[in-house]
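Subject: Structure for you to look at

Hi,

Here is the structure I promised to pass on.

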Amino acid sequence: MTSVRRSLGYSIATSYFSLPLQIIGTMVMSRLLTPAETGVFAVAAVFSAFASTFRDFGVAEYVIQEKELTADKIRAALTVTISISWCMALLFFACAPAVASFYRDAGIADVMRVQTLNLLFIPFGAVTMAYFRRQLNFRPIFIGSMLANIASFAAAVLLALNGFGYMSLAWSSLAGVVAMVGASIWFRPPDFPRLPGTKGIGRVVQFGKFASGIYIFGQIGKGAPEMIIGRVQGLVGVAMFSRGYGLVELFNRGILNAVIPVCLPYFAQDNRQHGSIVSGYLKSIAYITAIGWPFFAFTGIVPYAAIRFFYGYQWIDAAPLAQILCLVGAIELVHYLAKEALIAVDDVKRSNSLQIGLQSARVASLFAVVPFGLTGACFGLLAAALFGLWLSQWNLYRAFGLRLNDVVRTCVPSALITTFCVSPIALWAVFEPVGELNYLRFFFGGGLMTATLWVLSLRLLRHPLWTEIVALYKKLGLKIGMVK
């Protein structure tokens with residue numbers, strides 16, 4: 001458990017170092033770029049993310065969960081990831097003009113050509129970073145992420161200030177990739193295989209053809225709103241949706257991006273040692289919902305204040321969208337780690353089938369309601385999230401006996417915490433609607449009040465998360481005392 005806590009600590013440190021840079025960068029770029037320019041990059045980024053997901057081919061997950069990882073298996077993993085990455089780079093480059101023509105904007109092709117370079121560089125660090133995750137050694141990942149975020153932030157802001165427009169975002173992503181790959185090479189163990197090989201490649205491909213489907217279908221569902229809205233509503237519509245969803249992404253970047261890299265190796269280790277992950281999975285639900293539900297509730301109550309503060313007045317039309325999308329995020333949070341749990345118990349085929357079901361529902365719901373505008377698209381995602389909650393629970397019960405009543409019992413404290421800490425801000429918003437004159441007071445004053453009540457409710461309910469916070473506080477206090 002100590003190694004898990006240490007890894008989670010590094011992972012959280014990675015997110016909380018990266019998050020301020022990402023928030024500041026987003027605030028600056030939202031004011032330097034127009035909605036149309038933002039929409040150009042948003043559409044290109046969806047296709048880039050899809051290509052990167054296919055490029056992964058489940059190799060990282062294979063390295064993490066393989067029971068006996070040998071040098072030959074690592075070389076085979078290198079062969080697979082380099083081969084697929086470079087093939088995807090060629091395909092991505094060739095398809096750029098067609099994508100730009102479909103969305104009627106040549107700038108999309110320019111962004112995609114630069115993003116092709118990411119696919120050429122990433123393989124040289126991907127397997128090494130997966131190995132660090134397997135070992136629950138998150139120190140190199142922390143340093144690499146820190147350097148990547150600094151490089152990306154500096155490149156984006158400097159290029160945007162010098163008039164590069166949406167291309168500043170494209171070049172900044174490349175700067176981050178180069179920094180991360182450089183760090184992985186620097187920290188690579190001396191005995192770590194450096195050259196690809198073919199022995200054992202069949203096992204990698206066999207695992208990857210199911211595991212990659214999990215993430216490919218997941219990325220299709222994640223990128224579907226931008227792809228569909230971009231064609232039906234135009235690039236400005238894409239930009240407004242992305243800004244509304246950006247508030248949900250704040251939580252993903254700040255919390256989930258810290259938790260998820262640790263969860264798969266933690267679940268896999270738990271399964272190898274105890275033969276069951278039910279207890280660990282329920283604990284992860286308890287922690288994530290106790291943090292996420294209050295965040296989404298607060299943001300959903302004062303979306304005007306959040307949008308106005310982070311993005312500026314030109315994006316204020318995204319506030320109603322953010323309100324619906326926060327509810328979507330709260331629902332999806334319950335079984336957000338379902339695919340990691342299924343992979344950990346070596347039920348990759350079921351995890352793949354689950355992703356197909358989840359993302360098919362997401363795409364179908366979008367096609368059904370997108371003619372009703374951006375608000376309709378958000379309600380379509382809400383319907384898909386409710387269906388996904390049921391489908392995930394059914395599959396998890398079939399895979400390792402996760403019972404619905406245990407999930408509900410785990411979530412009850414989180415619901416009580418959420419109600420307790422956001423009720424005052426909700427009453428405040430009823431009697432004094434949020435607007436241009438008071439949005440800062442709501443954002444900072446209401447945020448501080450909600451955060452204070454959140455900490456108090458954790459303590460009063462003796463939530464397991466409070467125990468972790470106290471343990472971390474004592475550990476930090478002990479280290480500070482030793483330094484003094």
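I'm calling it a salt bridge when a side-chain nitrogen of Lys or Arg lies within 4 Å of a carboxyl oxygen of Asp or Glu. By that rule the count comes to seven salt bridges. Bear in mind throughout that this is a predicted model.

**Salt bridges in the helices**

Helix α4 covers residues 71-102, and Asp72 and Arg75 sit three residues apart in it, which means that about one helical turn separates them. Their side chains meet in a salt bridge, with 3.2 Å from N to O. How accessible are the two partners? Asp72 is partly exposed, with a relative accessible area of 30%, and Arg75 also comes out at 30%, so it counts as partly exposed.

Helix α5 has a pair of this kind too. Asp110 and Arg113 are three residues apart there, so about one helical turn lies between them. The N to O distance in this salt bridge is 3.2 Å. Asp110 is partly exposed at 33% relative accessibility, and for Arg113 the value is 33%, again partly exposed.

**Further along the chain**

Glu432 and Arg441 form a salt bridge as well, at 2.4 Å from N to O. Glu432 has a relative accessible area of 27%, which makes it partly exposed. Arg441 is partly exposed at 44%.

Which residues are linked in a network of salt bridges? Those are Arg403, Asp406 and Arg409.

**A nonpolar patch on the surface**

The other thing to look at is a nonpolar surface patch formed by Trp86, Leu117, Leu120, Phe121, Phe124, Phe164, Trp171, Val178 and Ile185, with about 780 Å² of accessible area together. Two elements give two or more residues to this patch: α5 (107-121) and α8 (167-187). So α5 is worth a look on both counts, because it holds the Asp110 and Arg113 pair and also gives residues to the patch.

Phe124, one of the patch residues, is in helix α6, which runs over residues 123-134.

Cheers

Definitions and conventions
Residues are numbered from 1 along each chain as its sequence is written. This is a predicted model: local features need pLDDT of at least 70, side-chain atom pairs count only at pLDDT 80 or more; totals for chains, interfaces and linings use all residues. Side-chain values use heavy atoms; hydrogens and water are left out. Patches are made of residues with over 30% relative accessible area and no salt bridge: like charges are joined within 9 Å, nonpolar side chains (Val, Leu, Ile, Met, Phe, Trp, Tyr) within 5 Å. Accessible areas come from the Shrake-Rupley method with a 1.4 Å probe; for residues, only the protein chains shown count as cover. Helices (H or I, at least four residues) and strands (E, at least two) are DSSP runs, numbered from the N terminus. Buried means under 20% relative accessible area, exposed over 50%, partly exposed in between (1.4 Å probe, protein chains only).
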